[in-house]
Amino acid sequence: FFFSSRRRHTRQRSVSWARRCVQETEFVYVSARSLGQAQPTRLFIRNVVQNYSKLPLGPIFVSPDNFFSVLSRDVIYEKSHEFKIPVLKKIQLLFPLHNPLVGGFGNQITDKISYRAVKIPDSNIFLVNQKGQVEQGSKLESGLTYKVLFEQAK
């Protein structure tokens with residue numbers, strides 16, 4: 001998953017990144033899953049709940065490849081970034097004056113590879129492990145949850 005923002009040039013640079021995420025960010029989800037898995041992916045995103053907080057709504061980009069191609073790319077070869085990076089770069093091309101990609105969430109090291117490839121700073125990359133712990137940049141942030149991020153942004 002990643003999110004992008006329409007940067008407002010009237011805002012001062014001192015406004016925190018987290019505050020921008022809440023005030024002017026649109027979430028866009030990029031999944032290397034196949035087109036046939038789009039509906040279950042949509043349902044998964046809508047049903048993620050942590051401390052009564054849900055993920056924001058947003059469009060979902062999935063791979064047009066068939067299930068077995070996606071399975072081999074993601075599970076066997078662990079190269080989901082080969083799909084995600086071109087998608088993210090195409091989104092960047094829609095905004096020639098600035099990079100609209102300001103941060104990203106994921107659960108695999110390939111997500112971090114994808115976000116770095118489109119110049120998202122490490123401090124704005126969040127990986128969630130199987131225990132629900134969030135790693136920000138290169139450090140594990142204990143107690144960092146979606147709700148905490150939202151509260152910090154207020």
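**Chatting through a predicted model**

Q: Which residues make up the largest nonpolar core?
A: The largest nonpolar core has 11 residues in all: Val 30, Ala 32, Phe 83, Val 87, Leu 88, Ile 91, Leu 101, Tyr 115, Val 118, Ile 120 and Ile 125. A nonpolar core here is a set of buried Ala, Val, Leu, Ile, Met, Phe, Trp, Tyr and Cys residues joined through side-chain atoms within 4.5 Å. Buried means under 20% relative accessible area, exposed means over 50%, and partly exposed is in between (1.4 Å probe, protein chains only).

Q: Which elements each supply at least two residues of this core?
A: Strand 2 (25–34) and helix 4 (81–93) do. Helix 4 gives the most, with 4 residues. Helices (H or I, at least four residues) and strands (E, at least two) are DSSP runs, numbered from the N terminus.

Q: What lies apart from it?
A: Another core, of 8 residues, with Phe 27, Tyr 29, Leu 55 and Ile 60 among them. As a general point, nonpolar side chains tend to be buried together in soluble globular proteins.

Q: OK, what kind of model is this, and what counts in it?
A: It's a predicted model, where local features need pLDDT of at least 70 and side-chain atom pairs count only at pLDDT 80 or more, while totals for chains, interfaces and linings use all residues. Residues are numbered from 1 along each chain as its sequence is written, and side-chain values use heavy atoms, with hydrogens and water left out.

Q: What does the pLDDT average for the protein chain?
A: The average is 76, and 72% of the residues score at least 70. pLDDT is the predictor's confidence in each residue, from 0 to 100.

Q: Let's do strands. How do strand 6 and strand 7 run?
A: Strand 6 (residues 101–106) and strand 7 (residues 125–128) run parallel, joined by 3 bridges. Two strands pair if DSSP finds at least two bridges between them. Phe 105 stands opposite Phe 126 in strand 7.

Q: Where does the chain go between those two?
A: From strand 6 the chain crosses through helix 5 (residues 109–117) to strand 7, in a right-handed β-α-β crossover. Right-handed means that, with the strands pointing away from the viewer, the path from the first strand over the helix to the second runs clockwise.

Q: And strand 8, parallel or antiparallel to strand 7?
A: Strand 8 (residues 134–136) runs antiparallel to strand 7, again with 3 bridges. Val 128 has Val 134 as its bridge partner. The two strands form a hairpin with 5 residues between them, and Gly 132 in the turn has a positive phi of about 85 degrees.

Q: Switching topic: how many salt bridges does the structure hold?
A: It holds 5. A salt bridge is a side-chain nitrogen of Lys or Arg within 4 Å of a carboxyl oxygen of Asp or Glu.

Q: What does Asp 111 pair with?
A: Asp 111 pairs with Lys 84, and their closest N and O atoms are 2.4 Å apart. Asp 111 lies in helix 5 and Lys 84 in helix 4, so the pair ties together parts that are 27 residues apart in sequence. Both residues are buried.

Q: What about Lys 112?
A: The side chain of Lys 112 meets that of Glu 135 in a salt bridge (2.9 Å, N to O). Lys 112 is in helix 5 and Glu 135 is in strand 8, so this pair ties together parts 23 residues apart in sequence. Lys 112 is buried at 6% relative accessible area, whereas Glu 135 is partly exposed at 26%.

Q: Last one: is His 81 buried or exposed?
A: His 81 is buried, with a relative accessible area of 17%. His 81 is found in helix 4 and touches Pro 86, Thr 110, Ile 113 and Ser 114, not counting residues up to four places away in sequence.

Technical notes:
Contact means heavy atoms within 4.5 Å.
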